[in-house]
Amino acid sequence: MTKTALAIGCGGTIGGAWSIAALSALAEHLKWDPRTADVIQGTSAGSEIATMLGGGFTAGDLVDMQLNMPVDARLAAHVADTPASFPPIPRPSLPSLRTLTRRGGHRALVGIAPRGRGDAAWLDRLATSVCPPGSAWVDHKGIRLVAYRPDDDTRVAFTGPGEATGDNPALSSAATLSQALRASWGIPAWMPAVQIGRHEYCDGGAASTASIDLIGADEADVVYVIASMAGLDDVRGPGVGGLLESTLLRKPMSAVLRREVEQVRARGTRVVVISPTADDLANLGPNFMNRDHRAAAFERSLTSTRETVARALDREDAR
């Protein structure tokens with residue numbers, strides 16, 4: 001039996017909306033229910049989607065949520081909770097200059113970013129709403145939420161209590177779903193870091209957009225990667241905004257993603273990377289937290305991602 005993993009990367013409000021459109025297109029193309037994946041791993045905005053899938057919602061439910069017509073009150077409350085397009089003014093903090101020597105993604109910047117002051121209560125509410133009564137995690141045993149630990153430059157994939165971690169040192173069951181979701185979404189200078197045990201954790205996207213290399217070789221024969229902020233190709237949106245987004249965000253993240261894809265493929269695992277085209281990026285815009293653009297960006301993405309997904313599957317089949 002084929003083991004399947006789904007890895008959904010970071011992307012903020014707009015990237016999360018695009019990722020749901022891409023997830024729906026993938027499910028439709030494969031005639032597949034993403035909830036049946038053996039591993040569902042999310043990073044930042046991707047961790048929201050993983051949380052909702054783990055809570056039992058279908059890809060169709062998430063589409064309806066993005067269209068502002070959810071049938072479940074929990075999804076209606078969550079989309080209404082979408083954070084503002086710009087963060088509160090962050091608090092100054094004493095920089096940790098040792099992070100400046102780190103390479104890969106945006107690790108080097110984490111230690112010098114000011115402390116985010118965004119209210120993460122909306123993520124608490126989502127996590128609490130999908131957990132069974134009396135439980136701190138969803139029933140799906142394959143849900144993993146990736147966060148970054150700056151003090152020792154480590155990525156951690158938080159899992160539910162009782163999930164076998166095997167020989168994978170990246171897995172940890174030390175957090176509740178609420179803690180893990182807030183940590184995975186803890187964008188430096190926007191959202192506060194989260195204290196779990198002796199360590200502070202922040203957005204896993206600071207180190208890797210999707211951390212597919214944390215999925216064990218024995219855990220998946222195929223990994224479907226939905227990455228709104230990185231890709232295998234060097235594409236960017238139009239204008240100055242697209243240039244800045246590409247230079248500051250997309251290129252560093254894409255370099256990490258490409259290395260991870262090569263590493264995972266080298267061990268014999270099939271990897272399908274679904275990422276925005278230049279036309280997709282023109283639709284999404286340079287501010288991936290633009291709450292006011294979410295609905296319009298999503299509606300166009302529902303159409304464009306069908307071709308994007310088909311092309312990604314064809315490209316992998318042709319390898």
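The structure is a predicted model. Its largest pocket holds about 750 Å³ of space, and a search of the whole structure finds 14 salt bridges.

**The largest pocket**

- The largest pocket contains about 750 Å³ of space, and 27 residues line it.
- Among these lining residues, I187, P188, M229, L249 and M253 are the closest to the centre of the pocket.
- Two elements, α5 (107-110) and α8 (239-266), each give two or more residues to the lining.
- Sorted by class, the lining comprises 18 nonpolar, seven polar and two charged residues.

**A nonpolar patch on the surface**

- V240, L244 and L248 form a nonpolar patch on the surface.
- Together, these three residues have about 310 Å² of accessible area.

**A network of salt bridges around R155**

- Side chains of opposite charge can pair when their charged atoms come close.
- R155, D213 and E260 are linked in a network of salt bridges.
- In the bridge between D213 and R155, the closest N and O atoms are 2.9 Å apart.
- D213 lies in the loop between β7 (199-203) and β8 (222-226), whereas R155 is in strand β4 (residues 154-158), so this pair ties together parts that are 58 residues apart in sequence.
- Both D213 and R155 are buried.
- R155 also meets the side chain of E260 in a salt bridge, at 3.4 Å from N to O.
- E260 is buried, as is R155.

**A salt bridge with exposed and partly exposed members**

- The side chains of D234 and R258 form a salt bridge with an N to O distance of 3.5 Å.
- D234 is in the loop between β8 and α8, while R258 is in helix α8, and the two are 24 residues apart.
- D234 has a relative accessibility of 60% and therefore counts as exposed, a class that begins over 50%.
- R258 has a relative accessibility of 25% and therefore counts as partly exposed.

**Two residues with positive phi**

- K31 has a positive phi of about 55°, although it is not a glycine.
- K31 is located in the loop between α1 (12-30) and β2 (39-43).
- With a relative accessibility of 77%, K31 counts as exposed.
- S44, which is not a glycine either, has a positive phi of about 55°.
- S44 is located in the loop between β2 and α2 (45-54).
- S44 has a relative accessible area of 2% and is therefore buried, since that class covers values under 20%.

Key:
Residues numbered from 1 in each chain as written. Predicted model: local features only at pLDDT ≥ 70, side-chain atom pairs only at ≥ 80, totals over all residues. Heavy atoms only, no water. 1 Å grid on protein atoms, 1.4 Å probe; cavity = no way out; pocket = protein on both sides within 12 Å on 5 of 7 lines; lining within 4 Å. Points joined across faces, edges and corners; volume = space filled by probe spheres on them. Helix = DSSP H or I, 4+ residues; strand = E, 2+ residues; numbered from the N terminus. Nonpolar A, V, L, I, M, F, W, Y, C, P; charged D, E, K, R; others polar. Patch = residues over 30% accessible without salt bridge, like charges linked within 9 Å, V, L, I, M, F, W, Y side chains within 5 Å. Areas by Shrake-Rupley, 256 points an atom, 1.4 Å probe, with all protein chains shown as cover. Salt bridge = Lys/Arg side-chain N within 4 Å of Asp/Glu carboxyl O. Buried < 20%, exposed > 50% of the residue type's maximum accessible area, 1.4 Å probe, protein only.
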